[in-house]
Amino acid sequence: MAANNNSNNEVESTDQVGIRVEVATNTDDITDAFGSVGNSSSSGGASTSAIYKQNSYGSGAIGQLASNGYSSSSYHKNVAKMVTDRHAAEYNMRHKNRGMAIIFNHEHFEVPTLKSRAGTNVDCENLSRVLKQLDFDVSVYKDCRYPEILSTIKYVSSQNHEHNDCILVAILSHGEMGYIYAKDTQYKLDNIWSHFTANHCPTLAGKPKLFFIQACQGDRLDTGVTMQRGRTETDGDSSMSYKIPIHADFLIAYSTIPGFYSWRNTTRGSWFMQSLCAELAANGKRLDILTLLTFVCQRVAVDFESCTPDTPDMHQQKQIPCITTMLTRILLFSDKEKAPAGRN
């Protein structure tokens, strides 16, 4: 299977408790889907019904985060340092450090039905480069098993992020609806996000928590549509302290919408990561993150189409990223300057 975005021969493939804040043309394209490499129940993909279990909250980012057992009966007071004025329009990105960027790059798997993800190292190298240009402290973890991933996440979330602007986690792997694959097994994405909620990681309370997921979310295909030329306000004053939801300030950017394939070029990298890295390199310090991600979606939607003439069902397919945001302010990676003594 192959996908192409230009005339060059290239390979592509699918891949209730709050917290109080106080002052203080090549045919080698593939999909990042578990279903694309096992027994198939549809074009190029296996059914996820045996793996995916629906819960009352749904399978998306919000649903998984909401299903962690938080309830009003378990309420206890959480307090964190205020890092931004209550009604500030933008996040405070003037801390000493930009913050940590953790990349989990999965190429090879122990799960027999999962193929190696050719092209993922290109994604990893490009993403690492642009994040360093945006002043992130980048750490890359290759082909980790799930216990290693969980241990790393627990360690990162336990660190003191007081002098950091934000946190960023990127996962490049195979996936299914609601699940992503480590080297040895599948896991739910909320097993990662939940460690960074404001009650679990108070030094990141009120700060952006960014997650970029390059993986399939199912085995459905997007055939696209040919386009032809033709014809809240809130009440209340600011106070010395204010309360925010524990799930505030998250952004989760998926390479594709729930239920669908995600395509990857085996020589140039995935469509999503190619587009994200290009936008971050060109506009990372000029545009706010939601505007930038809108243009990432535009690049993926308009500039890419699969090219698999030997597999007609997979030929000339499209893709659109999916952005879930709980951000509460504008996020802009402005130039990082040395903070004066005593300022964090």
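1. Let's start with Glu110, which counts as partly exposed because its relative accessible area is 39%. The scale here: buried is under 20% relative accessible area, exposed is over 50%, and partly exposed is in between (1.4 Å probe, protein chains only). Before going further, note that this is a predicted model, where local features need pLDDT of at least 70 and side-chain atom pairs count only at pLDDT 80 or more, while totals for chains, interfaces and linings use all residues. Residues are numbered from 1 along each chain as its sequence is written, and side-chain values use heavy atoms, with hydrogens and water left out.

2. What does Glu110 pair with? Its side chain meets that of Arg145 in a salt bridge, 2.4 Å from N to O; the term means a side-chain nitrogen of Lys or Arg within 4 Å of a carboxyl oxygen of Asp or Glu. The two are 35 residues apart, with Arg145 in the loop between β7 and α3 and Glu110 in the loop between β6 and α2. (Helices, H or I with at least four residues, and strands, E with at least two, are DSSP runs numbered from the N terminus.) Arg145 is partly exposed too, with a relative accessible area of 34%.

3. By the salt-bridge rule the count comes to 9. One of them joins Glu162 and Lys81 at 3.3 Å, N to O. Glu162 sits in the loop between α3 and β8 and Lys81 in strand β5 (residues 79–81), so this pair ties together parts 81 residues apart in sequence. Glu162 is partly exposed at 28% relative accessibility, and Lys81 is partly exposed with a relative accessible area of 28%.

4. Glu279 and Arg299 form another salt bridge, their closest N and O atoms being 2.7 Å apart. That pair links helix α5 (Glu279) to helix α6 (Arg299), 20 residues apart. Buried or partly exposed, which is which? Glu279 is buried, with a relative accessible area of 5%, whereas Arg299 counts as partly exposed at 27%. Elsewhere, salt bridges that share partners join Arg98, Asp135, Asp165, Lys285, Asp335 and Lys336 into one network.

5. Most residues other than glycine have a negative phi. Asp135 lies in the loop between α2 (120–133) and β7, and counts as partly exposed at 30% relative accessibility. Gln316 is also a non-glycine with a positive phi, about 55 degrees. Its place is the loop between β17 and β18 (322–325), and it is partly exposed at 43%.

6. Now helix α3 (residues 146–158). Its 13 residues should span 18 Å at 1.5 Å a residue, and the end C-alpha atoms are 18 Å apart, so the two agree. (The expected span is 1.5 Å times one less than the number of residues.) The buried residues of α3 are Tyr146, Ile149, Leu150, Thr152, Ile153, Val156 and Ser157. They cover an arc of only 160 degrees around the axis, which puts them on the same side of α3; the arc is taken from the directions from the helix axis to the C-beta atoms.

7. What does that buried side of α3 pack against? The partners are β6 (97–105), β7 (137–142), β8 (164–172), β11 (186–188) and α4 (190–193), where contact means heavy atoms within 4.5 Å. The face turned away from the buried side carries the exposed residues Pro147, Tyr155 and Ser158.

8. On to the rings: the structure holds 8 aromatic pairs. Rings of Phe, Tyr and Trp (its six-membered ring) pair if their centres lie within 6.5 Å, with planes under 30 degrees apart counted as stacked, over 60 as edge-to-face and the rest as tilted. Tyr146 and Tyr187 are stacked, at 5.1 Å centre to centre and 25 degrees between the planes. This pair links helix α3 (Tyr146) with strand β11 (Tyr187), 41 residues apart, and both residues are buried.
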